[in-house]
Amino acid sequence: MTAAYDPDNIFAKILRGEIPSFRLYEDDDTYAFMDIMPRADGHCLVIPKTPCRNVLDATPAQLAAVMKTVQIMSHAVMKAFEAGGVTLQQFNEAVGGQEVFHLHVHVLPRHEGVALRPPGKMADMDVLKAQAERIRAALA
Ligand code: 5GP
């Protein structure tokens, strides 16, 4: 049994436009945007537009919609950053490493020999904006 969904979590606020985000892609069911504390250049997040905490309470339809967009974003960051691969991360509940309780999948472009950066360091907003533009161009 997981806790109830909190409609005031930060990603719900992003979806409602109450706080800004660097939008990359959206469809009827999902939204993709830049992670504000990126662990790799091009680190982005994919979320469902409808509420759920994580995979433990998500519906199969929410999971399917998110993964469809994860694949789109994986191709986009591969192209935008000439990456050699992509790492996906997804955490469930605090014990599982989750900090924001709205389902999300991390999409991290990877390069040979380049380790992920430690978590928790805020990006330079001009750099993040430029990286978002590269990803959007790759999607076009
Ligand atoms: P997780 O819940 O998977 O452990 O991590 C949540 C992720 O959300 C982190 O990678 C963190 O950098 C990102 N994050 C936290 N607050 C914000 C925010 O206000 N805007 C954006 N774009 N990302 C955020």
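Helices (H or I, at least four residues) and strands (E, at least two) are taken as DSSP runs and are numbered from the N terminus. The structure is a predicted model, in which local features need pLDDT of at least 70 and side-chain atom pairs count only at pLDDT 80 or more, while totals for chains, interfaces and linings use all residues. Residues are numbered from 1 along each chain as its sequence is written, and side-chain values use heavy atoms, with hydrogens and water left out.

Helix H2 spans residues 60-80 and includes Thr69. Thr69 has a relative accessibility of 0% and therefore counts as buried, where buried denotes under 20% relative accessible area, exposed over 50%, and partly exposed the range in between (1.4 Å probe, protein chains only). Its side chain makes a polar contact of 2.6 Å with the side chain of Thr30; such a contact is a pair of N or O atoms within 3.5 Å, of which, within protein, one must be able to donate a hydrogen and the other to accept it, and residues adjacent in sequence count only if both atoms are side-chain atoms. When neighbours within four places in sequence are left aside, Thr69 is in contact (heavy atoms within 4.5 Å) with Tyr25, Asp27, Thr30, Ala32 and Val46.

The structure contains zero disulfides, a disulfide being a pair of cysteine sulfur atoms within 2.5 Å. The sulfur of Cys44 lies 18 Å from the closest cysteine sulfur, that of Cys52, which is too far for a bond. Cys44 is buried at 0% relative accessibility, and Cys52 is likewise buried, with a relative accessible area of 1%.

Two residues draw attention by their backbone geometry. Most residues other than glycine have a negative phi. Glu82, although not a glycine, has a positive phi of about 45°; this residue lies in the loop between H2 and strand E4 (85-89) and is exposed, with a relative accessible area of 69%. Glu93, also a residue other than glycine, has a positive phi near 65° and is found in the loop between E4 and E5, but Glu93 is buried, with a relative accessible area of 18%.

On the surface, Ile36, Met37, Met122 and Met125 form a nonpolar patch with about 330 Å² of accessible area together. Patches of this kind are made of residues with over 30% relative accessible area and no salt bridge, nonpolar side chains (Val, Leu, Ile, Met, Phe, Trp, Tyr) being joined within 5 Å and like charges within 9 Å; a salt bridge is a side-chain nitrogen of Lys or Arg within 4 Å of a carboxyl oxygen of Asp or Glu. Accessible areas come from the Shrake-Rupley method with a 1.4 Å probe, and for residues only the protein chains shown count as cover. Met122 is placed in the loop between strand E5 (105-110) and helix H3 (125-139) and is partly exposed at 48% relative accessibility.
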